[in-house]
Amino acid sequence: MVDLEDSSSKIMDKETAHRRIFELRKTIEYHNARYYQQDAPEISDAEYDRLMKELQNLEALYPDDELASSPTQRVGAAPLSKFAPFAHPQPMLSLANAFGADEIKDFDSRVRRLAKSERVDYVAEPKLDGLAVNLIYENGRFRRGATRGDGAVGEDVTQNLKTIASLPLKMKTGAFRPIPEFIEVRGEVYMEKEPFEKLNRRRVEEGDAPFANPRNAAAGSLRQLDSKITARRPLNIFLYGVGSAGDAAFASHWEILETLAAWGFPVNPLIRPMPDINACIEYYEQTGSIRSSLPYDIDGVVLKVNRLEIQNLLGSVSRSPRWALACKFPAQQAATVIQDIIVQVGRTGTLTPVAVMEPVNVGGVLVSRATLHNEDEILKKDIRIGDAVLIQRAGDVIPEVVGVILSKRTGREKEFRMPRACPECGSEVVRQADEAAHRCVNLSCPAQLKEHIRHFASRGAMDIEGLGEKLSAQLFDAKMIADPADLYFLTKEKLLGLDRQAEKSAENLLEAVERSKTPALDKFIFALGIRHVGERTAKLLAGHFGSLEALMSAGCEELTAIREIGPEIAQSILEFFAEPKNRIVLEKFQRAGLSPRTPAPTAQASLQGKSFVFTGSMESMGRNKAKAAVESLGGIVHSSVTGKTSYVVAGSDPGSKLEKARKQSIPVIGEEEFLTMIGRQIHRQA
Ligand SMILES: [Zn+2]
């Protein structure tokens with residue numbers, strides 16, 4: 001059913017509607033760029049959602065030809081149960097590999113012999129470590145897209161591809177070549193290193209297993225059945241070739257790349273034409289030397305014969321073209337020995353096996369530990385304690401065990417078993433059917449609680465200065481705190497009982513705790529440590545609900561209606577607030593006087609610049625709620641009357657502030673008037 005509101009509820013003629021649709025698309029594209037590419041949104045999520053909703057409604061009523069390239073197509077669609085198979089119109093071949101200059105020269109000799117040519121020119125490009133995709137454009141519009149699969153048949157990931165901001169839904173016209181009716185464009189979906197590391201940090205914080213490397217992260221994100229999840233992942237794409245090009249006949253590969261760029265496709269700026277193979281070798285070596293400074297992972301360079309005439313002459317053999325070559329870089333790998341496999345317990349109870357290794361230098365960094373992710377991973381690679389292994393650094397920081405050097409096995413190696421009891425608390429360890437992770441079932445597991453408290457106090461959450469990992473563990477072990485709310489009941493006397501807890505630092509800690517009593521709502525939601533709710537999701541929730549009470553009473557439907565929130569996150573939020581232990585902690589926060597500040601929605605800042613002073617008590621709400629309501633509308637609340645006060649709100653039994661206001665001729669309003677002023681907000685929270 002179409003929900004009619006905004007402009008779509010007005011009766012408008014077709015022309016006005018299409019003008020409004022055009023305007024909305026442009027505005028939303030602009031805000032998408034601010035949000036996804038520049039990470040600097042200008043409008044609140046609520047406002048964005050309103051624009052999107054209006055556009056969706058108008059598009060439903062007044063469909064046009066541009067619908068397929070509308071921003072409404074980028075937000076992700078209903079989850080799929082599986083991907084449909086996709087037969088590539090022209091098969092996607094795989095490239096033959098070469099290592100080092102000699103093999104590159106051999107390739108060139110073969111090419112020149114077959115082409116009966118003295119000299120052949122090439123195009124050289126960095127070989128990105130991502131996931132190859134095939135995109136179909138019809139009359140300049142993106143229609144379908146698929147993974148490479150086995151080269152003949154891939155998976156239809158159209159919905160997911162649409163969420164990649166740098167992928168054009170519509171080709172640009174005005175290039176030196178007309179847009180063909182049908183064209184297959186090939187490229188690589190990848191994730192840059194920095195967003196990858198940020199994503200992994202977030203995953204660990206939210207209790208998910210980190211991705212092993214940017215390639216896995218890109219592949220996992222693109223092959224998500226729920227495209228709303230893909231929409232949240234920082235994916236990128238470079239296009240580097242065409243399959244069947246219909247009526248667009250090209251003379252050279254370089255011409256293809258230039259045309260793709262002119263049509264608006266992102267093309268890697270490091271791709272260069274090469275006059276001969278010596279230039280290629282130089283490019284290979286030079287690119288290898290700048291490899292670590294690039295924002296994305298590459299594992300080599302690709303050389304392609306430039307002239308398509310020669311490409312066709314050479315053809316392909318056993319599904320690899322004879323005119324292209326993947327020149328791999330030597331891997332940043334090293335061999336070492338696994339001395340032990342230990343198990344760490346995270347905030348959400350996940351047990352993560354970690355390999356403790358003989359320290360070894362990998363590409364300039366000393367590595368002694370590597371995560372093994374989970375039991376399946378260990379079984380799959382058959383990693384045993386005492387094994388000699390090959391490790392590599394992926395994404396430049398995270399060390400990964402590539403595999404066991406079986407020839408060095410002596411038979412004395414020990415197989416690893418996930419403990420049946422939590423190494424921290426001895427409780428039962430379970431594995432849910434749909435998860436790779438083992439978890440400690442004990443909600444009061446000390447390892448989990450300590451991690452939980454550390455997270456609560458951390459920067460980005462409540463930012464309680466001085467309360468690091470060590471001190472929170474110390475307080476916990478001394479039984480002074482059992483959950484984050486206990487922090488607000490600490491006293492100086494109690495703290496001084498701690499070892500080496502000097503008076504000054506006790507005071508500092510208490511002050512920092514006190515200062516954290518009015519956190520921004522989104523920081524507080526993040527600090528609660530709800531599974532899958534990271535900083536970003538917390539912001540979305542705070543912006544949408546405006547208060548913790550409203551969030552707590554939200555149902556599944558209301559949660560999933562929010563952009564970027566899928567059923568998994570919604571479920572996790574519902575479970576969190578349904579858990580009696582969490583309810584108790586939340587009540588304790590309230591008793592301690594903790595009151596999160598409601599965010600000021602930019603679209604509804606009707607009290608912007610206005611300051612309020614309250615005196616007396618109101619019937620309909622307490623002081624804190626009134627304060628939150630004012631702040632949520634952009635206003636400020638002060639405790640004393642000054643010449644700059646905009647309104648004094650007088651409830652029953654007002655104090656001396658009322659008199660002071662009258663003396664200074666500051667407007668005094670009653671409870672009724674105040675409620676009218678903030679009416680919308682109260683209605684929203686009710
Ligand atoms: Zn435990």
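Donors are the N, O and S atoms within 2.8 Å of the metal (3.2 Å for Na, K and Ca), and sites may look incomplete because water is not among the atoms.

This report concerns a predicted model, in which local features need pLDDT of at least 70 and side-chain atom pairs count only at pLDDT 80 or more, while totals for chains, interfaces and linings use all residues. Residues are numbered from 1 along each chain as its sequence is written, and side-chain values use heavy atoms, with hydrogens and water left out.

**The zinc site**

The zinc ion is coordinated by the SG atoms of Cys422, Cys425, Cys440 and Cys445, at 2.2 to 2.4 Å. The four donor atoms subtend angles of 99 to 115° around the zinc ion, so the arrangement is tetrahedral. Along the chain, the donors follow the spacing C-x2-C-x14-C-x4-C. Cys422 lies in the loop between β20 (414-415) and β21 (429-430), and Cys440 lies in strand β22 (residues 438-440); this pair, 18 residues apart, links distant parts of the chain. Helices (H or I, at least four residues) and strands (E, at least two) are DSSP runs, numbered from the N terminus. Both Cys422 and Cys440 are buried, where buried means under 20% relative accessible area, exposed means over 50%, and partly exposed lies in between (1.4 Å probe, protein chains only).

**The nonpolar cores**

A nonpolar core is a set of buried Ala, Val, Leu, Ile, Met, Phe, Trp, Tyr and Cys residues joined through side-chain atoms within 4.5 Å. In soluble globular proteins, nonpolar side chains tend to be buried together. The largest nonpolar core has 53 residues, of which Ile464, Leu475, Tyr488, Leu541 and Phe589 touch the most other members. Among the elements that give two or more residues to this core are α12 (446-457), α13 (469-477), α17 (535-545) and α21 (580-591). The core lies between domain 4 (446-515) and domain 5 (521-591), because both give residues to it; the domain bounds come from an automatic or database domain assignment.

Which residues is Ile464 in contact with, leaving aside its neighbours within four places in sequence? Ile464 is in contact (heavy atoms within 4.5 Å) with Phe456, Ala457, Leu487, Tyr488, Leu509, Ala512, Val513 and Ser516.

**Salt bridges**

A salt bridge is a side-chain nitrogen of Lys or Arg within 4 Å of a carboxyl oxygen of Asp or Glu. The structure holds 29 salt bridges, and the table lists examples.

| Asp299 | Lys127 | 3.4 Å |

Asp299, in strand β10 (residues 298-305), and Lys127, in strand β3 (residues 122-128), are 172 residues apart, and the pair links distant parts of the chain. Asp299 is buried, at 17% relative accessibility, and Lys127 is buried at 19%.

Glu415 is partly exposed, at 48% relative accessibility. A network of salt bridges links Asp382, Arg384, Asp387, Arg409, Glu415 and Arg417.

**Individual residues**

Arg232, in helix α7 (residues 227-232), is buried at 16% relative accessible area. Not counting residues up to four places away in sequence, Arg232 touches Arg202, Thr537, Glu564 and Ile569. Asp522, in helix α16, is buried at 17%. The C-alpha atoms of Asp522 and Leu541 are separated by 7.2 Å, although these residues are 19 residues apart along the chain. With residues up to four places away in sequence not counted, Asp522 touches Ala538, Lys539 and Ala542.

Most residues other than glycine have a negative phi. Lys116, however, has a positive phi of about 50°; it is found in the loop between α3 (100-115) and β3 and is exposed, at 76% relative accessible area. Lys479 has a positive phi of about 60°; Lys479 is found in the loop between α13 and α14 (492-496) and is exposed at 75%.

Technical notes
Four donors count as tetrahedral if all angles lie between 85 and 135 degrees; four count as square planar and six as octahedral if opposite donors are over 155 degrees apart and all others between 65 and 115; anything else is irregular.
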